[in-house]
Amino acid sequence: MGEPTQILKSLNEARNICLATPSIYPQVVPGVLPVVGPQQPLELRRWGSDFLAETFASPVLPAEDKQKLCLGVLSTLRSYLYRKEEVGEEEDAAVVKSAVQCAASIYPLVFRHTLSVQDSAEVWAKMSSIKSYILRTMDSASAGVRICGIKFIARVVQVQTPGVIADPRRPEQNEISLALLSRDHPVLQPSQLEAEASGLLDRLLGVLQDNSPDALVVTATLSALSVLVQRRASISSKILMTVLNYNPLTLAANGLAKMGGKERVAVRSTTRTTMSFLLNVLKRNQNHPMAQRLQQRTEQLRHSLIDVFSETGPGKRPAPEEPTDGLDNNKRMRTEQATANGMTPQQQGYIPPLPPGPISYAQLFNLGADPKVAGIDASTLPAPIVNQLVVVLLSKLDQQRLTTAITAVQQRFLEYKKRSSAELLKGILGMTNGQTAKNHDAEGAMAVAGREAQVANQMDFEGQMQQPGIGGPVQKFVLEAAPPLTERERDEWSKMAMGRVFGTLGELDKEVKAKGGKKGEEGGKGFMRMVSSGLGQDRDGGTEEGVVKMEGEERSLVKKGGQGFVMADGIRQRLLDYVMEDFRRRIDVAIAWLNEEWYSDRLAYTSRHPKEDGGENAGKPSMDDLPNYTTSCLRVLDTLITYLDTKDGRIIIRFLSEIPEIDARILDRVRKVADDPERVQMACQTLLYLIMFRPPVRVLAVDAAEALWRSNDDAKAAVGKILTKWRPGVLEEGKVEGEDVKAEG
């Protein structure tokens with residue numbers, strides 16, 4: 001045993017030299033490999049496997065040196081792992097553990113070497129055999145070997161998954177990943193490697209999906225997955241979904257009482273590791289798409305862990321239900337209150353008397369007995385700090401104590417008013433040490449300058465208190481009313497309010513359009529009802545200050561006594577402009593507006609024609625009895641027809657089918673659409689729809705079709721199909737007239 005001991009001593013000295021001078025690793029490692037080979041004693045193999053794992057995990061050793069050294073250690077690592085097949089005896093678990101850890105460190109280096117060197121099939125075969133052994137035996141190995149195997153699997157998944165290429169011109173500086181592999185590589189097949197990585201990732205996630213009770217394995221898996229989430233965006237979503245669905249509290253399902261010490265430690269460990277995993281993802285990317293779910297899951301695990309271990313069991317004893325001193329809770333609260341404003345609870349009902357002579361505002365309002373509190377100069381505090389303190393203090397102020405303090409200040413003020421002038425003069429002489437104007441000492445006055453200034457302040461206060469109207473109960477403060485707005489100011493403010501309202505509606509439409517959603521109808525109905533209810537309109541059908549001009553006149557609200565702005569008509573005009581800015585998307589706004597106008601006019605007509613003896617109204621109102629609806633509808637239709645294209649037939653059909661009432665004037669507008677030869681078909685389809693699906697206006701629509709047939713030669717073919725079914729006599733008259741014309745010719 002002496003020889004291995006001397007060798008270990010020399011090897012330790014070499015390790016210390018390498019740790020102090022990392023640049024000599026390339027000279028030491030090749031010389032150490034024969035000494036720690038598979039045929040050497042166990043102590044040397046343990047030292048050799050630890051040294052190799054330490055060497056390739058060292059952050060101070062350059063990557064170029066590791067790349068050169070990794071090829072020489074493959075045979076040694078393989079002999080460690082396949083010792084049973086080659087020698088016939090099991091390898092020590094510590095040696096296997098360090099060998100697996102070293103394999104995890106050199107796997108990316110071997111992969112890069114295979115990428116750059118075409119004839120490296122033998123090197124990759126050795127690495128593949130090492131990988132095969134680890135994947136085959138790690139599930140049945142000891143805990144340490146299995147943890148290192150999880151790290152190895154994560155490294156394989158990281159290498160065999162496409163990563164980000166920072167600079168395609170310098171592949172040696174890019175991260176080692178499958179993205180560096182070309183499709184025609186003679187040794188490595190991208191499809192096979194990617195499929196293998198996907199299977200190994202599922203193997204790792206299976207630990208969480210099966211809710212493994214082994215805390216060590218779960219912790220190692222979460223630690224390995226955290227690196228993959230950070231560096232491989234293509235598989236991060238899959239990993240996060242699995243972690244979110246993982247329940248580390250499975251062992252606590254039967255309650256805390258049935259859990260042993262090992263299970264309790266496992267539950268705490270796995271739960272906190274899961275929470276740390278989720279929080280680390282949030283810290284790296286605050287704007288993560290799943291940030292809200294990650295935060296909710298973290299809070300859920302935190303509260304669940306508290307609930308599991310808050311059941312009756314070992315820990316702090318609960319508070320006693322009954323008081324220990326025979327006092328009830330209310331009595332205990334009163335006896336345990338702290339002092340406030342320099343007074344104990346027994347002294348808080350005591351009001352200290354005022355000092356003789358003139359007093360300051362501070363002395364009047366100071367009800368405390370502590371001179372230190374009274375000496376604080378609040379004017380030295382910054383205004384922002386005072387504002388913060390006042391809000392907090394007022395929110396926590398006891399109303400009863402505030403009322404008591406106000407009453408005490410009022411009593412002290414009334415007592416002060418009862419004092420005579422002789423008492424005030426006596427107090428002043430006492431404060432100036434008995435000196436008068438005749439024997440006043442100037443130097444003594446300098447010594448008591450502060451007191452004299454205070455006395456002057458108090459005399460001013462006395463003069464104010466003696467003024468009539470000062471003192472007594474506090475009067476209610478009423479803010480002076482603002483001057484009334486002029487007509488011009490009211491018009492300007494009305495226009496500004498309308499501009500802001502419709503500007504907000506336009507911004508909301510832009511947001512909805514950008515998000516690809518549909519605009520809600522409930523928000524606009526209230527505004528439409530406000531508009532159409534007739535601002536300034538009475539129930540007699542007119543307006544409060546003017547009359548509505550009907551069709552054929554200029555559409556404006558003429559005030560009695562001169563021209564001016566009217567809110568109701570201004571809103572209607574802005575609403576019309578708002579609809580026409582994007583009439584294809586806002587046609588529903590126009591329909592809702594006109595429905596509310598019609599309803600408002602019907603209510604006004606009902607108020608003008610109340611129910612008579614038979615319980616029925618005087619008659620159904622005509623369109624002339626609905627001034628606001630009729631004028632608004634014609635204005636919308638006239639403006640809409642101007643912008644309609646040949647593809648907008650559905651828009652005008654929808655508009656005419658959903659407005660509440662139609663008369664001949666509206667159908668005349670539809671007939672004018674056919675004046676444009678390109679829009680003849682649109683007008684005919686509109687009339688046909690009204691004839692078939694709106695029976696109350698069928699006769700008017702047929703009349704409009706007949707008038708169109710008689711006045712427009714371009715529309716005769718299309719309108720003739722309508723009249724063939726609904727009014728064939730017109731076509732017969734046309735034929736007779738045509739024959740007469742031919743005969744005369």
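**Rings, charges and a pocket**

Author: Arginine 586 places its charged end over the ring of tyrosine 578, 4.1 Å from the ring centre. Keep in mind that this is a predicted model.

Reader: Where is arginine 586 found?

Author: In helix α25, residues 583-608.

Reader: Is arginine 586 buried or exposed?

Author: Buried. Its relative accessible area is 10%, and the cut-off for buried is under 20%.

Reader: What is arginine 586 in contact with, leaving aside neighbours within four places in sequence?

Author: Gly506, Asp509, Tyr578, Val579 and Glu581.

Reader: Which residue lies over the face of tryptophan 709?

Author: Lysine 716, at 5.0 Å from the ring centre.

Reader: On to ring pairs. How many aromatic pairs does the structure hold?

Author: It holds 9 aromatic pairs. Take tyrosine 82 and tyrosine 133: their ring centres are 5.2 Å apart and their planes are at 50°, so this pair is tilted.

Reader: Which parts does the pair of tyrosine 82 and tyrosine 133 tie together?

Author: Tyrosine 82 is in the loop between α4 and α5 (83-86), and tyrosine 133 is in helix α7 (residues 121-137). The pair therefore ties together parts 51 residues apart in sequence. Both tyrosine 82 and tyrosine 133 are buried.

Reader: And what does phenylalanine 502 pair with?

Author: Tyrosine 578. That pair is also tilted, at 6.1 Å centre to centre and 55° between the planes. Phenylalanine 502 sits in helix α22 (residues 487-515) and tyrosine 578 in helix α24 (residues 567-581), so the pair links distant parts of the chain, 76 residues apart.

Reader: Are phenylalanine 502 and tyrosine 578 buried or exposed?

Author: Phenylalanine 502 counts as buried at 6% relative accessibility. Tyrosine 578 counts as buried too, at 3%.

Reader: Which residues form an aromatic cluster?

Author: Tyr107, Phe111, Trp124 and Phe152 form one.

Reader: How does the lining of the second largest pocket divide?

Author: Into 16 nonpolar, 9 polar and 8 charged residues.

Terms used: Residues are numbered from 1 along each chain as its sequence is written. This is a predicted model: local features need pLDDT of at least 70, side-chain atom pairs count only at pLDDT 80 or more; totals for chains, interfaces and linings use all residues. Side-chain values use heavy atoms; hydrogens and water are left out. Ala, Val, Leu, Ile, Met, Phe, Trp, Tyr, Cys and Pro count as nonpolar, Asp, Glu, Lys and Arg as charged, and the others, Gly among them, as polar. Rings of Phe, Tyr and Trp (its six-membered ring) pair if their centres lie within 6.5 Å; planes under 30 degrees apart count as stacked, over 60 as edge-to-face and the rest as tilted. Helices (H or I, at least four residues) and strands (E, at least two) are DSSP runs, numbered from the N terminus. Buried means under 20% relative accessible area, exposed over 50%, partly exposed in between (1.4 Å probe, protein chains only). A charge sits over a ring if NZ of Lys or CZ of Arg is within 6 Å of the ring centre and within 35 degrees of the ring normal. Contact means heavy atoms within 4.5 Å.
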